[in-house]
Amino acid sequence: MNELFEHAGAWGIALIVIVLISWFFYRYFAPKNWREWAGAGVVQAFIIALYAEMYGFPLTIYLLIRFFGLDSEYVSASLWSTLVGLGETGMMISMLLGYAIAFLGVGLFAQGWRQVHKARVENRLMTEGLYAYVRHPQYTGLFIALFGEGVVHWPTLFSIILFPVIILVYTWLARREEQHMLETFGEDYLAYKRQVPMFIPRWGRWRQLAAASQVKK
């Protein structure tokens with residue numbers, strides 16, 4: 001089994017990737033209060049757990065073999081590859097699909113930050129661009145990116161458990177932010193809130209949302 005985990009134990013690579021991904025996240029999210037720091041802490045735990053398993057020690061596979069009797073002719077550090085039984089092909093498919101989803105999420109996350117930052121500088125309500133499709137494109141992008149990388153590409157026990165926790169935390173955070181927006185913009189924000197969904201765009205508008213994430217403004 002050891003030869004199937006040859007990439008494991010690369011703790012130096014794990015540390016570099018964790019630092020880079022964390023820098024990007026904090027660069028664009030920039031927590032300002034304890035609520036935002038609490039949400040960021042959950043995401044940070046997700047990042048550390050995910051890449052520690054991806055490049056360090058495949059804890060999920062070990063636990064499944066040791067305590068849950070996972071029996072497979074092909075055992076890999078990749079959970080999808082092991083469970084589906086497609087070997088390196090399965091690992092490649094999950095990697096390509098996961099990266100495609102993750103890059104879409106990263107684009108939404110970064111572009112949403114640029115647009116809301118511009119609105120804050122101009123002290124106005126942002127309702128165009130990504131904000132014409134969802135009220136919180138940053139969080140939508142974050143959810144998509146984490147789902148692509150931590151569920152589709154390289155699922156682990158920790159990433160699968162933490163993913164719904166992250167959604168709950170940021171839903172709570174989004175509702176708190178909307179209270180502040182209502183106090184600031186009043187009826188204008190209330191009308192906007194009635195017309196635009198919180199995280200998931202209306203049916204048939206995903207393509208426009210994805211296209212808007214590529215526009216630099």
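The largest pocket of the predicted model holds about 820 Å³ of space. A pocket is here an open set of points on a 1 Å grid over the protein atoms alone, where a 1.4 Å probe fits, with protein on both sides within 12 Å along at least five of seven lines; lining residues have an atom within 4 Å of a point. Volume is the space filled by probe spheres set on the points, which are joined across faces, edges and corners. Local features need pLDDT of at least 70 and side-chain atom pairs pLDDT 80 or more, whereas totals for chains, interfaces and linings use all residues. Residues are numbered from 1 along each chain, and side-chain values use heavy atoms, without hydrogens and water.

The lining of the largest pocket comprises 30 residues, with V116, R120, E177, H180 and M181 nearest its centre. Helix α7 (157-185) provides the largest share, eight residues (helices are DSSP runs of H or I, at least four residues, numbered from the N terminus).

The second largest pocket has a volume of about 420 Å³. Of its 20 lining residues, I21, Y51, A102, V106 and A145 are closest to the centre. Helices α1, α2, α5 and α6 each give two or more residues to this lining, and α2 gives the most, six.

Q44 is located in helix α2 (residues 34-55).
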